[in-house]
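Here are some notes for a colleague who is opening this structure for the first time. They are set out as numbered points, to be read with the sequence and the model side by side.

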Amino acid sequence: MTNFFAYTDMGLLNYLCFMLLMCFYLLVICSNLFLMVVICMNRSLQEPMYMFLLSLLVSELYGSTGLLPFLLVQILSDLHTVAAPLCFLQIFCIYMYTGVEFFNLTVMSYDRYVAICDPLRYRSRMTPQKAAVLISASWFSCFLLGVALISLTLCGSFINKLYCDAYLVVKLSCSDTTGLNIYELIATFSTIIGTLVSILYTYMKIFLVCSSGSQQTRQKAVSTCLPPHLASILNFSIGASFEILQSRFDVNNMPNVLRIFLSLYFLMVPPLVSPLMYGLKMSKIRFVLKCSSSRKQLMDLMR
């Protein structure tokens, strides 16, 4: 069993926290599922860019589901414990979610790079089949990376966290974990640095094309997913960086509320913000939603 001593008994406030977190989780589910259904049900959105967006939404719903139901149970529990297999399952879910999120954001930036910098060959270079291969590769590679972290025997049982953190749980292992720590360090930083360098390169090329291109090119860049995509990259990267740093360094001097907020940020905020940003900012999705609303109003009038 793994015990969490980051929880504190707040009396009746526990029930208020439970209700707020439950409402938050339901909002995450509804917003992501709504946009996923819109993309799946409209033929005009059956394009690589929206396939990547669909994968992003699935990963964010998957990541929040790996955390929020667990928190809901723990908030109302007297004993804040979890069985080791469930702890490893949560580590696997969070680790896979983080990797898939970075890979999704990377392939989305590459898709926009091809669409804006090489528009004449976009449909030949970025087909739905190639998009499906990229999405499958990102999920499968992150699945393999996460499997290596769930084969430990634990001797300790206490961690100062609200959920099962890979780095802290590895420190509880009975055997020598030097090799596993090196593996996790290489996997984490190669994933983060590799994806961020790729994203930075593609955006440098996009901004060079936009600065030297026509007004139509710049308008195309703005009207697609560039603004919400940039916001998603910054939002998730900053949150994940905070979590990595506070997991590996002593942050006991930091206020407890701030430490909890930073540890949960990358798992809670992106799954809610992303569907709202993409749904409101991407012109084609807004157009589909307006058309659906207009058809519904017309059918109501005909009745």
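1. I begin with the largest pocket, whose lining is made up of 24 residues, and those that lie nearest its centre are Y7, M10, N14, C17 and I75. The elements that give two or more residues to this lining are helix 1 (13-41), helix 2 (48-75) and helix 10 (256-281), and helix 1 gives the most, with six residues. The space in this pocket comes to about 650 Å³. Sorted by class, the lining of the largest pocket holds 15 nonpolar, seven polar and two charged residues.

2. Please keep in mind throughout that this is a predicted model, and that the values quoted in these points are computed from it. The chain has 303 residues, of which 47% count as buried. Its secondary structure comes to 11 helices and three strands, and, read from the N terminus, the elements follow the order β-α-α-β-α-α-α-β-α-α-α-α-α-α. Among contacts between residues at least 6 apart in sequence, 79% join residues that are at least 24 apart.

3. The UniProt record, an unreviewed entry, carries the annotation "transmembrane region" for residues 12-39, 51-76, 82-103, 131-160, 180-204, 225-245 and 257-280. Two of these stretches can be set against the model: over residues 12-39 the chain is 96% helix and 0% strand, with its end C-alpha atoms 42 Å apart, while over residues 51-76 the chain is again 96% helix and 0% strand, with end C-alpha atoms 38 Å apart.

4. How many cavities of 30 Å³ or more does a search of the whole structure find? The search finds one, and the volume of this largest cavity is about 370 Å³. Its lining consists of 24 residues, with Y95, T98, E184, T188 and I244 lying nearest the centre. At least two lining residues are supplied by each of helix 3 (84-117), helix 5 (128-147), helix 6 (166-170), helix 7 (178-212) and helix 9 (226-248), and the largest share, six residues, comes from helix 3. By class, the lining of the largest cavity divides into 15 nonpolar, five polar and four charged residues.

5. The largest nonpolar core of the model has 68 residues, and those with the most contacts inside it are Y50, L53, L67, L68, L71, Y163 and F266. For L71, once neighbours within four places in sequence are left aside, the residues in contact are Y7, L21, L162 and L264.

6. Leaving aside neighbours within four places in sequence, D111 is in contact with P48, M49, F52, Y122 and M126. Its C-alpha atom is separated by 8.9 Å from that of A131, which is 20 residues away along the chain.

7. R248 lies in helix 9, an element that also supplies residues to the lining of the largest cavity. With a relative accessible area of 24%, R248 is classed as partly exposed. Not counting residues up to four places away in sequence, R248 touches Y167 and E184, and E184 is one of the residues nearest the centre of the largest cavity. The C-alpha atoms of R248 and Y167 are separated by 7.5 Å, although the two residues are 81 apart along the chain.

8. A132 is found in helix 5, and it counts as partly exposed because its relative accessibility is 32%, a value in the range between 20% and 50% that defines this class. A132 and P48 are 84 residues apart in sequence, yet their C-alpha atoms are 8.1 Å apart in space.

Definitions and conventions:
Residues numbered from 1 in each chain as written. Predicted model: local features only at pLDDT ≥ 70, side-chain atom pairs only at ≥ 80, totals over all residues. Heavy atoms only, no water. Core = buried A, V, L, I, M, F, W, Y, C linked by side-chain atoms within 4.5 Å. Buried < 20%, exposed > 50% of the residue type's maximum accessible area, 1.4 Å probe, protein only. Contact = heavy atoms within 4.5 Å. 1 Å grid on protein atoms, 1.4 Å probe; cavity = no way out; pocket = protein on both sides within 12 Å on 5 of 7 lines; lining within 4 Å. Points joined across faces, edges and corners; volume = space filled by probe spheres on them. Helix = DSSP H or I, 4+ residues; strand = E, 2+ residues; numbered from the N terminus. Nonpolar A, V, L, I, M, F, W, Y, C, P; charged D, E, K, R; others polar. UniProt positions renumbered as here; feature names shortened; annotations may be inferred.
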